[in-house]
Amino acid sequence: MMIIFQMAAIFFAAVTTENIFFARALDTIQLREITKSPRKILTFGAVLTSILLVSSIFLAFIDQWIRIYPLYYYIASIVYLIVNGGVYIGAYLGIKKYIPTLFQKIGGILPLASANCAVMGSLLIAARSSALNTWWKFIVYNLGSGVGFVLALLLLSSVERKLAYCKPPKAFSGLPLRLITVGIVSLAIAGLVGNQLAA
C-alpha cells in the first residue's frame, strides 16, 4: 500500500511541481502548428507519453548497468539518446508495417513526439535525481512528465485561444506574448504548488 502512495506522489510531483514545461522550461516552439486544437494536443500527447514510457522502461534497467562506470554522466546521455532513437525507429517501422491506419494518423507527428526536448529532458532529469533510484520510480516519474507536458500544452492552448480575442501592441504579438503568457502561468503554478526544485 505504501508503494502505491509513493507512486501517486511521484506521479503528482512530475505533473505539477516538477512540470517539465512550466517548472523546467523545456518547450518546443515548433509544436505550435500541431497543438492548435485540443484533439491534436491529445493525439500528440498520447504519442509522446507512449514513446517516453517505452524509453523509460528500457532505460530503467539499462541505467542500473551503466551506473557503475566512473564516467556515468557522460555515458548516460549517449546511451539515453541511442535508446530513445531505437524506440522511435522501432515504433515508426512497427506501426508503419503492422498498423498502417494508425500510421496515417500519427506518422507526421511521430518524429516530433520522439525527438523532443520534453522526452530527453525528462529521461535525463530522472536519471540524475537521487530520489528516483529504483526502476518503478523512474518509470512513474517519466509517465507523470509526459502527462504533465500534455496538460501544460492544453492549458497554454486554452490561454492562447482567449488571447486571440484581444489586440496586443505590435511589439508583443507572436512569440513575445507567448513567452510572457508562459511566464505568468509558470508563476501562477509555482505560487499554487510551491517551487521545490533543487537549487
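Reader: Let's start with the overall make-up: how many helices and strands does the protein have?
Author: Happy to begin there, with the reminder that this is a predicted model. Read along the sequence, the pattern is α-α-α-α-α-α-α-α. The count is therefore zero strands and eight helices.

Reader: What share of the contacts with a separation of 6 or more joins residues 24 or more positions apart?
Author: Here a contact means heavy atoms within 4.5 Å. Among contacts in the protein with a separation of 6 or more, the share from residues 24 or more positions apart is 75%.

Reader: Is N142 buried or exposed?
Author: N142 sits in helix α7, which spans residues 135-163. Leaving out residues up to four places away in sequence, N142 touches L52, S56, S122, L123 and A126. Its relative accessible area is 0%, so N142 is buried.

Reader: Now for F5: is that residue buried or exposed?
Author: F5 belongs to helix α1, residues 2-15. Exposed means over 50% relative accessible area. Because F5 has 53% relative accessibility, F5 is exposed.

Reader: Which residues form a nonpolar patch on the surface with F5?
Author: Good one to finish on! Together with F5, the patch members have about 520 Å² of accessible area.

Technical notes: Residues numbered from 1 in each chain as written. Predicted model: local features only at pLDDT ≥ 70, side-chain atom pairs only at ≥ 80, totals over all residues. Heavy atoms only, no water. Patch = residues over 30% accessible without salt bridge, like charges linked within 9 Å, V, L, I, M, F, W, Y side chains within 5 Å. Areas by Shrake-Rupley, 256 points an atom, 1.4 Å probe, with all protein chains shown as cover. Salt bridge = Lys/Arg side-chain N within 4 Å of Asp/Glu carboxyl O. Helix = DSSP H or I, 4+ residues; strand = E, 2+ residues; numbered from the N terminus. Buried < 20%, exposed > 50% of the residue type's maximum accessible area, 1.4 Å probe, protein only.
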